[in-house]
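Hello,

Here is the structure I promised to pass on to you. Please open it first, and then read my notes below alongside it.

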Amino acid sequence: MDYLKELEGKSRHDHFEAKIAAKTTTRRIFVPGPVIVGAGPSGLAAAACLKEKGIPSLILERANCIASLWQLKTYDRLRLHLPKQFCELILMPFPSDFPTYPTKQQFLAYLSAYAEHFDLKPVFNMTVVSARFDSRRGLWLVKTLGLKNEETEYVCQWLIVATGENAEEVVPEFEGVDEFGGPIVHTSSYKSGELFRGKKVLVVGCGNSGMEVCLDLCNYNASPSLVVKDSVHILPQEILGISTFGLSIWLLKWFPMRLVDNFLLLVSRLMFGDTAQFGINRPQRGPLELKSMTGKTPVLDIGTLAKIKTGHIKVCKAIKQLKHQAVEFIDGKVENFDAVIFATGYKSNVTSWLKETSMFSEKNGLPRKPFPNGWKGECGLYAVGFTQRGLLGASLDARRIAEDIEHSWKAEAFTA
C-alpha cells in the first residue's frame, strides 16, 4: 500500500526519528495487511478468510506452535464436546472419516491441515507487549518481544485481536496454600490421572473440564472430590442419540427459548433425576437463557454424574481454607487430600497489552458490545473468537471481519 511506503520513506529521512532509531534496537516492520494477534483457531480462521479475498495478513503468536492452548494445556482424553459440524472452521470441513466427537489429536491434525491448506505461516515466539493506535498517522503500532527479548514493532492499518477468551489461567487464592504441602495444579498442567493413582484429589470447579478430570481420575483408580461452589446446569451430551446442542439449535428455529429450556430440563430430570440431591443445584434461569445472558455454558455430561451417584466422586461445598494435606470447607468439614486441581478456567488478557478501552471491557477483557456486534471496534480494530459461542462464533466473526476489511482494501487499491 502506498501509504505504508510513504510512511517508511518519511521515517528514513526524518532527522528526529533517525536519532531515536539510533538509540534503540527495535526493528520496525511495515505490514501491508492486517496484523492478527494469536494463532489459535480464531486467528487461523480470520487469516484464511482474508486470504480467500486476496488480502495478506501477518499472524503473531507468543507460543512456538499453532493452537497452543490445545497443544500444550489440555488433558490427553479430551474430545470435542460438540459434534464436529459445529466445531469446524470456516471454508474447510472436518475429514469425513473423523468421528462425531473428534479427539484432541484429531482436532490438532485438522488445524495443522487447515494452516497448510491456506498456507498460513504465523511468526512464532513473538509476544505482543503493547498495541496502540497512532492517530497522527492513522496506523496501529504493535510492539513485540522475541525469545531473546529482541524488540520488534509492527506497523499496520488493521489489527485483529484473536487471543481469545482463554488466554490466561484463572487461579483462585485461598488461605493456607503454602501450608498444603501437596501438588496444587491448574488443569492447564494436567495430562492424565496416571500421576494420581490411589490418591485423594480435590477438583475445584464444576464446569466441563472439572467434570471430565474427575471422570479421568476415576479411570486411574484415584479418589476425586468435586467442589461445587455455584449452581450449574448439567445436560446429557445426547438425547436419544442426537446431540443435545444440535437439537437445541434446531428447536430454537421453531420455539421460544423458554420453551426449549423447559424441554431440556424435563429430559435432564428424566435421565438424571434431581441433581440437587447430589449437591448440585440448578440455576433459576434455564440453560439456554443463562448462556445467552451470561455466557455460562451448561455441562454436557459424558458419564461423570453416574460416578457421582455411585459415590466414586464426592461433591463438596466451597473451600474456606487449605491446611497441611487437608481442606476446610465453608460448612465446617475438614478432609484430607493428597492433591488439588484447579479446574477454574481461563480469562482474556487483552486489556494487559491493548492500549484501548472503548472496545474491550476492563472488567473481563471481552468486547463491550454483546454478540453479534462485538467483532468490530474503531480505527481498524477487530476481535475474533470472543463471542462465548465457541468455534462456530469464531467462524462468523472471521467472515464478517474479512468482508469489512475487503471494502477498504479494494477502495485503496482502486485509488492507488
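**A buried threonine to start with**

Thr187 has a relative accessible area of 5%, so it counts as buried. Please keep in mind that this is a predicted model. If we set aside the neighbours within four places in sequence, Thr187 is in contact with Lys73, Val213, Ile341, Phe342 and Ala343.

**Two domains**

The domain assignment divides the protein chain into domain 1 (1-167 + 348-414) and domain 2 (170-342). How far apart do the C-alpha centres of domain 1 and domain 2 lie? The distance is 32 Å. The two domains also touch: 18 residues of domain 1 are in contact with 23 residues of domain 2.

**Two open sheets**

Four strands make up an open sheet in the order S3-S2-S7-S22, and their pairing is parallel. At its edges are strand S3 (58-60) and strand S22 (381-383), each of which pairs on one side only. From one strand to the next, the twist averages 20°. Helix H3 (residues 41-52) packs on this sheet and touches strand S2 (35-37), S3 and S7. The direction of H3 makes about 160° with that of S2. If you look at strand S7 (residues 159-161), you will see that three bridges join S7 to S22. As an example, Leu159 has Leu381 in S22 as its bridge partner.

The other open sheet also has four strands, in the order S1-S6-S5-S4, but here the pairing is mixed. Strand S1 (27-30) and strand S4 (127-134) each have a single partner strand, so one side of each is left without a neighbour in the sheet. Ignoring direction, neighbouring strands of this sheet are turned by 20° against each other on average. How many bridges pair S4 with strand S5 (residues 139-145)? There are seven, and the two strands pair in the antiparallel sense.

**Aromatic rings**

The structure holds 17 aromatic pairs. In one of them, the ring centres of Phe94 and Phe98 are 6.0 Å apart and the planes are at 40°, which makes the pair tilted. Are Phe94 and Phe98 buried or exposed? Phe94 counts as buried because its relative accessibility is 7%, and Phe98 counts as buried at 15%; the cut-off for buried is under 20%. Both rings belong to a cluster in which ring pairs link Trp70, Phe94, Phe98, Phe107, Tyr110, Tyr114 and Phe118. Elsewhere, a charge meets a ring: the charged end of Lys200 sits over the ring of Phe337, 5.4 Å from the ring centre.

**A helix and the glycine after it**

Finally, please have a look at helix H10 (residues 287-294), where the buried residues are Pro287, Leu288, Glu289 and Leu290. What do these buried residues pack against? Their partners are strand S12 (234-236), helix H8 (244-252) and helix H9 (257-272). Just after H10 comes Gly295, which takes a positive phi of about 85°.

Enjoy exploring, and write back with any questions.

Best wishes

Methods
Residues are numbered from 1 along each chain as its sequence is written. This is a predicted model: local features need pLDDT of at least 70, side-chain atom pairs count only at pLDDT 80 or more; totals for chains, interfaces and linings use all residues. Side-chain values use heavy atoms; hydrogens and water are left out. Rings of Phe, Tyr and Trp (its six-membered ring) pair if their centres lie within 6.5 Å; planes under 30 degrees apart count as stacked, over 60 as edge-to-face and the rest as tilted. Buried means under 20% relative accessible area, exposed over 50%, partly exposed in between (1.4 Å probe, protein chains only). A charge sits over a ring if NZ of Lys or CZ of Arg is within 6 Å of the ring centre and within 35 degrees of the ring normal. Two strands pair if DSSP finds at least two bridges between them. Axes are lines fitted to C-alpha atoms, for helices over the stretch in contact, and angles run from 0 to 180 degrees between N-to-C directions. Contact means heavy atoms within 4.5 Å. Domain bounds come from an automatic or database domain assignment.
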